Amino acid sequence: MSIPILMLHSIAPTGPEALSRWQMTPWRMAAHLLALAEEGYTAVTLQRVVAARDGAPLPRRPYAVTVDDGFADFACEALPVLELLDVPSTVLVTTGYVGGRAEWLAPLGAGDVPMMSTTDLAALPDHVEVGAHGHTHAMMDLLDGDRARAELATGRAVLEDVVGRPVTTVAYPHGYSTREVRRAAADLGYRTGLGVGDRLHGHADDPFALARVEVRGDMEPDDLLRHLHACGTRDPRLGRVKRSAWRVIRRGTLGRQQRHLAGVG
Ligand SMILES: [Zn+2]
């Protein structure tokens with residue numbers, strides 16, 4: 001079965017222009033979710049998508065919602081809409097900035113975007129799964145092994161302490177991982193890893209590199225439906241080649257000091 005795992009970021013009425021690709025209004029998100037329902041899709045938890053890999057049943061057209069970064073607007077803008085429409089979600093939190101600002105976005109001019117606090121995180125209801133998104137939002141595929149492990153371990157430990165429940169999902173910042181990073185995630189107790197890939201998730205995928213579909217801020221509901229259709233016909237091998245090529249370019253052009261500062265992801 002091919003399952004869209006949607007990747008959203010900031011859900012807010014307004015925000016910095018630099019964030020526009022990664023930001024949409026609550027009303028647009030509601031329009032997306034309603035359009036999916038009209039198309040016969042049913043929102044399920046990410047854990048149900050994972051359990052289905054072992055044969056657990058799913059509705060006819062399932063999809064899952066994930067929201068990256070842990071911006072404060074998740075709690076005050078996205079969650080009321082998700083609850084109104086009975087849509088479960090997974091929020092992936094960059095722990096180093098909890099209670100502060102999205103400082104890794106400063107080079108884009110969006111470093112003042114507020115993050116959820118520990119109080120916000122602890123108050124999230126059970127239908128919101130909390131997952132990790134690294135501690136500093138560094139691109140883990142460009143880090144040496146020890147630093148990548150530290151990003152994975154710290155993110156998990158901080159979140160488990162705050163939310164008081166197991167944290168078993170990690171979304172690699174920008175979607176980038178390597179085999180070594182995925183192995184470290186498994187060693188450290190994660191059970192699921194999320195990438196990007198702009199294709200639909202299939203049960204044959206690596207459980208530590210589930211493909212997600214980016215929902216851009218400028219997409220109308222019809223754009224999203226067309227995009228999902230296009231993602232469903234995409235050859236996964238092409239994505240792997242593109243990511244490998246892009247990693248070579250990032251290694252060469254970003255330089256060590258900028259590797260964790262190149263966008264939202
Ligand atoms: Zn991110």
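Trainee: Leaving aside neighbours within four places in sequence, which residues are in contact with threonine 66?
Mentor: This is a predicted model, and threonine 66 sits in strand 5 (residues 62-69). Leaving aside its neighbours within four places in sequence, threonine 66 is in contact with Ile5, Leu6, Met7, Leu8, Thr90, Leu92, Leu194 and Arg212.

Trainee: Is threonine 66 buried or exposed?
Mentor: Buried means under 20% relative accessible area. Threonine 66 has 0% relative accessibility, so the residue counts as buried.

Trainee: What is the distance in space between threonine 66 and arginine 212, C-alpha to C-alpha?
Mentor: Arginine 212 is among the contacts of threonine 66. The two residues are 146 residues apart in sequence, and their C-alpha to C-alpha distance is 8.7 Å.

Trainee: Among contacts in the protein between residues at least 6 apart in sequence, what percentage join residues at least 24 apart?
Mentor: The protein has 265 residues, and buried residues make up 52% of them. Its secondary structure comes to 8 helices and 10 strands. Of the contacts between residues at least 6 apart in sequence, the share that joins residues at least 24 apart is 67%.

Trainee: What is phi of aspartate 69, a residue other than glycine?
Mentor: Aspartate 69 also lies in strand 5. With a relative accessibility of 0%, aspartate 69 counts as buried. Its phi is positive, near 100 degrees.

Trainee: Which residues line the largest cavity?
Mentor: The count comes to 1 cavity of 30 Å³ or more, and the largest cavity holds about 40 Å³ of space. By class, its lining has 7 nonpolar, 1 polar and no charged residues. The lining residues are Leu6, Leu8, Met29, His32, Leu33, Val65, Val215 and Leu224.

Trainee: Which element gives the most to the lining of the largest cavity?
Mentor: Strand 1 (5-8) and helix 1 (26-38) each supply at least two residues of that lining. The element that gives the most, with 3 residues, is helix 1.

Trainee: Which elements do the buried residues of helix 7 pack against?
Mentor: Helix 7 (residues 221-232) has 12 residues and reaches 17 Å from its first C-alpha to its last, close to the 16 Å expected. Its buried residues are Pro221, Leu224, His227, Leu228 and Cys231. They fall within an arc of 115 degrees seen down the axis of helix 7, so they line one face of the helix. The elements they pack against are strand 1, helix 1 and strand 10 (210-214).

Trainee: Which residue takes a positive phi just after helix 5?
Mentor: The phi in this place is about 70 degrees. The residue that takes this value is glycine 164.

Trainee: Where is histidine 174?
Mentor: Histidine 174 is not a glycine, yet has a positive phi of about 65 degrees. At 11% relative accessibility, histidine 174 counts as buried. Its place is in the loop between strand 8 and helix 6.

Trainee: How far apart in space are aspartate 141 and glycine 175, C-alpha to C-alpha?
Mentor: Aspartate 141 is in the loop between strand 7 and helix 5. With a relative accessible area of 3%, aspartate 141 is buried. Aspartate 141 and glycine 175 are 34 residues apart in sequence, and their C-alpha to C-alpha distance in space is 9.3 Å.

Key. Residues numbered from 1 in each chain as written. Predicted model: local features only at pLDDT ≥ 70, side-chain atom pairs only at ≥ 80, totals over all residues. Heavy atoms only, no water. Helix = DSSP H or I, 4+ residues; strand = E, 2+ residues; numbered from the N terminus. 1 Å grid on protein atoms, 1.4 Å probe; cavity = no way out; pocket = protein on both sides within 12 Å on 5 of 7 lines; lining within 4 Å. Points joined across faces, edges and corners; volume = space filled by probe spheres on them. Nonpolar A, V, L, I, M, F, W, Y, C, P; charged D, E, K, R; others polar. Buried < 20%, exposed > 50% of the residue type's maximum accessible area, 1.4 Å probe, protein only. Contact = heavy atoms within 4.5 Å. Expected span 1.5 Å × (residues − 1). Arc of directions from axis to C-beta.
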